[in-house]
Amino acid sequence: MRTFLPRLLAGMWIAAATAQAAERPPNIVLIVADDLGYGSLGCYGSKEIKTPHLDRLAADGMKFTDFHSNGAMCTPTRAAMLTGRYQQRCKWVPDEELSPVFRKQREENPVQRWAWGLSAQEITLPALLRGAGYRTALIGKWHLGYDRKFHPMNHGFDEFRGFIGGNVDYHTHIAGYGTKELDWWHDREIRHETGYTTDLLTRHACAFIEQNDKKPFFLYLAQAAPHNPWQGRDPNKKQAPVEHYKEMIAVLDESVGAVMDTLRKRQIDRQTLVIFCSDNGPQAPPGFAAHGALRGKKGSMEEGGHRVPMIARWPGVIPAATTSDEVVMTMDFLPTFIALAGASIPQNHKIDGSDLMPVFRKERALPDRTLHWQHGKAWAVRQGPWKLMGQGAQAKALYHLAEDPAETINRLPEKTALASTLLDLHRPWAKEVGER
């Protein structure tokens, strides 16, 4: 009896702890690379860069071959990611709400209007998750408003370590968007910190996991790499830009390994959904085919501009070593995460994304849907395997992506009726969202 009772109590405690863990919503770790192309990882066919940690992530989870960023540039994609909506539908701050210095900069650079401020009226993923009891953190790049009023902690993040703008020097953390000032934040304060950007962000991400492993958390690790400036760890090392670029991806891979090691050490990796992706296609130095076999790069409506890597891992939920050819978008993350958290989206609030859990569990495919991209006057619309691209009011090319993902054969001359149908689907969408 003396030995039986402690064992019984221990067994009851373990059973209770297991049940509690099973009932607790999962942690969510979203790791986003910046300007990483479809062909830049070993698990996506790269022979030039070794990415063992990301390759292992794919081996432990599901690799997506037809995942797309909502935009061909970083800020539009991040807006869609955090709102679950086409970025053109998001509420953006009007000129009169900007401080004079940023109003002037927007006037001088209207193409980058996305970066000038996501409205506080917009409903965001971190705010919804925080309302559901999650601890939320952005570690890394924001780029959804330079002015302090658009600070990420005003949009639902409990913690912020990183930079506000589009890019920083990897060693000095000086802003790269015109002001030439320090852009390195600890919550709401600008505070210098010595170190290589990728390594610092990794360290802060791992610390956040360690400090919050007893409750559900949402970690958005928005790495800078491999966005320019192309700089390796050693600021004194002289080498060609393409070699710096490859090193940056290798260090990014190390970062993913460190995050996964931290989850395992804290024994919460089985309670955590981890997603890795890129925010748009590559802007790489000459000499490296970062987009793989695809055509196009960052800013392009061709596949290389928005078809990017995505890997999802959740042991016991997502089957290991699987591949999905589902057409998935950045805006699908919000409805997926909100459903997992048991949160709710306000009634009558338009969400464009779809819940990915049936895909992750290999239960069923997503419903048929028409998807849209727009960058300036260039646009694309996709339904099934067919993608129509155009400029302004005119259609330019039609591709069957299942047969021709590299977009080498323009089928527009022989498929005019199909092109007309797709154009008729795109025009009302563009009118509805304002063609921004």
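**Exercise 1.** Which residues in α2 meet which residues in α7? Classify the contact and the angle between the two helices.

*Solution.* The model is predicted.

Step 1: list the residues. On the α2 side stand Pro 52, His 53, Leu 54, Arg 56, Leu 57 and Asp 60. On the α7 side stand Asp 253, Glu 254, Val 256, Gly 257, Met 260 and Arg 264.

Step 2: sort them by type. The contact of α2 with α7 has five nonpolar, two polar and five charged residues.

Step 3: take the geometry. Helix α2 covers residues 52–60, and helix α7 covers residues 241–265. They pack at about 55°, and their axes are 7 Å apart.

Step 4: classify. Roughly parallel requires an angle under 35 degrees, and roughly perpendicular requires 65 to 115. The angle is about 55°, and α2 and α7 are therefore oblique to each other.

**Exercise 2.** Find the order of the ten strands in their open sheet, and say which strands stand at its edges.

*Solution.* Step 1: write the order. It runs β7-β6-β5-β4-β8-β1-β9-β10-β2-β11, with mixed pairing.

Step 1: read off the ends. β7 (189–190) and β11 (322–324) each have a single partner strand, so one side of each lacks a neighbour in the sheet.

Step 2: Strand β9 (residues 272–278) and strand β10 (residues 310–313) run antiparallel and are joined by four bridges. Ile 275 has Ala 312 in β10 as its bridge partner.

**Exercise 3.** Describe the open sheet of four strands: its order, pairing, edges and twist.

*Solution.* Step 1: the order is β13-β14-β15-β16, and the pairing is antiparallel.

Step 1: the edges are β13 (370–375) and β16 (394–400). Each has a single partner strand, so one side of each is without a neighbour in the sheet.

Step 2: from one strand to the next, the twist averages 15°.

Step 3: count bridges pair by pair. β13 and β14 pair over six bridges, with Gln 383 in β14 as the partner of Thr 370. Strand β14 (residues 378–383) and strand β15 (residues 386–391) are also joined by six bridges. There, Ala 380 has Met 389 as its bridge partner.

Step 4: inspect the turn. The hairpin of β13 and β14 has two residues between the strands. In this hairpin, Gly 376 takes a positive phi near 65°.

Step 5: place the helix. Helix α11 (residues 416–433) lies across β13, β14, β15 and β16, at about 70° to β13.

**Exercise 4.** Is His 400 buried or exposed? Name its contacts beyond its neighbours within four places in sequence.

*Solution.* Step 1: locate the residue. His 400 is in strand β16.

Step 1: apply the cut-off. Buried means under 20% relative accessible area. His 400 has 13% relative accessibility, so His 400 counts as buried.

Step 2: list the contacts. Beyond those neighbours, His 400 touches Pro 385, Trp 386 and Arg 411.

**Exercise 5.** How many disulfides does a search of the whole structure find? Check the burial of Cys 74 and Cys 277.

*Solution.* Step 1: the search finds zero disulfides.

Step 1: Cys 74 has a relative accessible area of 5% and is buried.

Step 2: Cys 277 has 0% relative accessibility and counts as buried.

How values were computed. Residues are numbered from 1 along each chain as its sequence is written. This is a predicted model: local features need pLDDT of at least 70, side-chain atom pairs count only at pLDDT 80 or more; totals for chains, interfaces and linings use all residues. Side-chain values use heavy atoms; hydrogens and water are left out. Axes are lines fitted to C-alpha atoms, for helices over the stretch in contact, and angles run from 0 to 180 degrees between N-to-C directions. Angles under 35 degrees count as roughly parallel, over 145 as roughly antiparallel, 65 to 115 as roughly perpendicular and the rest as oblique. Contact means heavy atoms within 4.5 Å. Ala, Val, Leu, Ile, Met, Phe, Trp, Tyr, Cys and Pro count as nonpolar, Asp, Glu, Lys and Arg as charged, and the others, Gly among them, as polar. Two strands pair if DSSP finds at least two bridges between them. Buried means under 20% relative accessible area, exposed over 50%, partly exposed in between (1.4 Å probe, protein chains only). A disulfide is a pair of cysteine sulfur atoms within 2.5 Å.
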